[in-house]
Amino acid sequence: EKADPQKTAFLLRKAWTLYSVTPMYGFRRARLRDYARLLGAFIAAEKHKGLAVEVGVELDIKVALSSLADIRGSELDQAALLVQLSSRSQGSSRNSEDKPVWWGWFCSVFGDELSENVPEHFTCLPLFLSHGAESYTALVGSWFQKTFDCCFRRLAISPLNLSWMVAMWAGCKLDRAASAVELVFSVPRLAQPLDISYAIHPEDAKALWDTVQKTPGEITQEEVDVFMDCLYAHFHRHFKIHLSAAKLVKVSTAIASAHCDGIVKILHSQYLPGVLMLLTELAISQIQ
Amino acid sequence: MDETVAEYIRRTVLKIPRDEIKMMLQKWGFLSEAQLQTLNFHQIKDNISQEVVQLCEENSADIKQAAVLDIIYNHIYQNKRMWSVYQMKRSGEELEYFDITDFKKKFKRRLRSALKNVTITFKEYEDNAIWIRVAWGTPHKKPNQYKPSYVVYHSQTPYVFISSSVLKSTLPLLCQALIVASNYHDIRDMELRSHSLNSLKDIVFKRYSQNFQTCTPKPLQGGNVEPEIADIRIVEENRSEKERIHRLNQEVFGSGPQPKLEFAQYRLETMFKSDPKMDVLDKKEPFRCLVKFSSPHLLESLKFLAPAGMADAPLSPLLTCIPHKARNYFKIREKKGLYPESFVSP
């Protein structure tokens, strides 16, 4: 259940853009090498067509597909699938190393709700995370869509879900050097836009959450609401501003950070499965 | 001409938008009008700056002249820098006669006695502002011209506006030299920062429209309130509430434009108070928070919070006190005693 920290180190501290992906038809684990070759050829062809990825940069793109066996929730989940694009600049010697330029991985952590109901020949990996140039994401995404008849959609995170995340993560056990629990609000529709950053000392945020949460290991919507109301009330006491009327756009803790545009950063390997489980749930909601 | 000076002039010219290069060189006055005529301002900036460097070579420019060009650039593009306001204090009430030559001499002497390698440049502007540029070196290295500090001092006032070098250790030296040169005995950070130098001046020189008390409610005016609706079948909800908010806003903010600040930061060390029924946190220690408001024009955006329904009117004094307390960094602690609800800002 716990992912090997070495293999998953590259997942941490990167900003991942989130997508939901519908089940893929005809995907076969045994053919990863073939897929890598085909995807590589597709990318080269698209570049040749003049849809250059980066102006003035001549790069040979190498594609690698691999399975991340450790990233899954239960046996019902498919193992995660990693796509990595590396560049090898032209004219360099054989000894030059490939430089990774783009990562994308599909995963499902306790995505039983989806995989239970899916017909044969379909592979469920509803959550897709990418890091790197948007143009590469578009290329990889369109190849997968064409090849496996699936559909990618950007996964936005609502203020409701962001408040779940911040409540959950604020309650996690802390290292000594934990960073603040920060909520970022944006006030729309004003003549001059206003952003409000509300950062709470992690010990104090956890202390608050600990008195709100009634059953360890279990979180209810009511508890999240109470936690948020406490933070709003403390803020209102000082500034007379109703933060609840502002738009929560980003939350950030020592565990992870998440932005409403569907961008997350995971900072702690220990909590990787928990975060992925939550995101898998969001992805599945969007698909259904 | 020194290689480093040539490179510095080249890079300074490159920063200037192409349409403004001629004007800035004219302000600089180091190149003659005849020399300026020879420049082709319609080519790419790289080439223009090379040509400027060649002309400077002809005139044997040194770092002192190059530094003046840099001040001119930064005076025009002052809003690219972050400025902090400091206030100097005198021991007595004596009004000293300000002698600019004496000031410059003392300033240079104080800095040079502490640090041999410094480049110090002064430029006076019409509004009684003295601009000072200091490039810092070490006992063994020539001054780094790319990380200077800038000071704007209005000699008729105790205020200095400092755009610090990224070399943090230089700030104490700079402050020392300022008080020695201007015959003050102390200087304090007012915790007031912004990119808009003029707005900072507006705040400390009290040049913005301040609170005014209205004895009688004013008739509706200004952009805050919707225009009269002609159709009598349409009734405006909460009209009196809207008027009340508008009036309170006027009282707090005045009717003129607000000084331009980009952020306000509050370090809260107050207690967390809650409804006992909620059975939540009841600690005896402060609930530590850091709140930061950011906006391209903070005070204007705060002004519209209450009319937008996002805030109560009147707005919290923690926010409305910013211009007249002349600060935008605050540390808020609980006030002890009879009124635990009020806050004190040291």
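The structure is a predicted model.

Trp143(A) has 6% relative accessibility and counts as buried. Phe144(A), at 0%, counts as buried too. Both values can be set against the limit for burial, which is under 20%.

Another pair is formed by Tyr198(A) and Phe235(A). Here the ring centres are 5.2 Å apart and the planes meet at 55 degrees, so the pair is tilted. This pair links distant parts of chain A, 37 residues apart. Tyr198(A) belongs to strand E10, residues 194-200. Phe235(A) belongs to helix H7, residues 221-239. Both Tyr198(A) and Phe235(A) are buried.

Aromatic residues also gather in a cluster. Trp143(A) and Phe144(A) are members of one such cluster in chain A. It also includes Tyr19(A), Phe27(A), Tyr35(A), Trp102(A) and Phe106(A). Phe128(A), Phe148(A) and Phe152(A) complete the list.

In chain B, charges sit over rings. The charged end of Arg90(B) is placed over the ring of Tyr184(B), 4.0 Å from the ring centre. Arg327(B) lies over the face of Phe330(B). The distance to that ring centre is 5.4 Å.

Nonpolar cores are considered next. In soluble globular proteins, nonpolar side chains tend to be buried together. The largest nonpolar core of this model holds 132 residues. Within this core, Met165(A), Phe239(A), Tyr266(B) and Phe293(B) touch the most other members. Helix H7(A) gives the core its largest share, eight residues. Met165(A) has several contacts beyond its neighbours within four places in sequence. These contacts are Ile157(A), Val251(A), Ala258(A), Leu278(A), Leu279(A) and Leu282(A). Another core, of 29 residues, lies apart from the largest one. Its members include Tyr19(A), Phe27(A), Phe106(A) and Phe148(A). These four residues are also listed in the aromatic cluster.

Finally, chain A is assigned two domains. Domain 1 covers residues 9-154, and domain 2 covers residues 159-260. Taken over C-alpha atoms, the centres of domain 1 and domain 2 of chain A are separated by 33 Å.

Notes:
Residues numbered from 1 in each chain as written. Chains lettered and ligands numbered in written order. Predicted model: local features only at pLDDT ≥ 70, side-chain atom pairs only at ≥ 80, totals over all residues. Heavy atoms only, no water. Buried < 20%, exposed > 50% of the residue type's maximum accessible area, 1.4 Å probe, protein only. Phe/Tyr/Trp six-rings, centres within 6.5 Å; stacked < 30°, edge-to-face > 60°. Helix = DSSP H or I, 4+ residues; strand = E, 2+ residues; numbered from the N terminus. Lys NZ or Arg CZ within 6 Å of the ring centre and 35° of its normal. Core = buried A, V, L, I, M, F, W, Y, C linked by side-chain atoms within 4.5 Å. Contact = heavy atoms within 4.5 Å. Domains from an automatic or database assignment.
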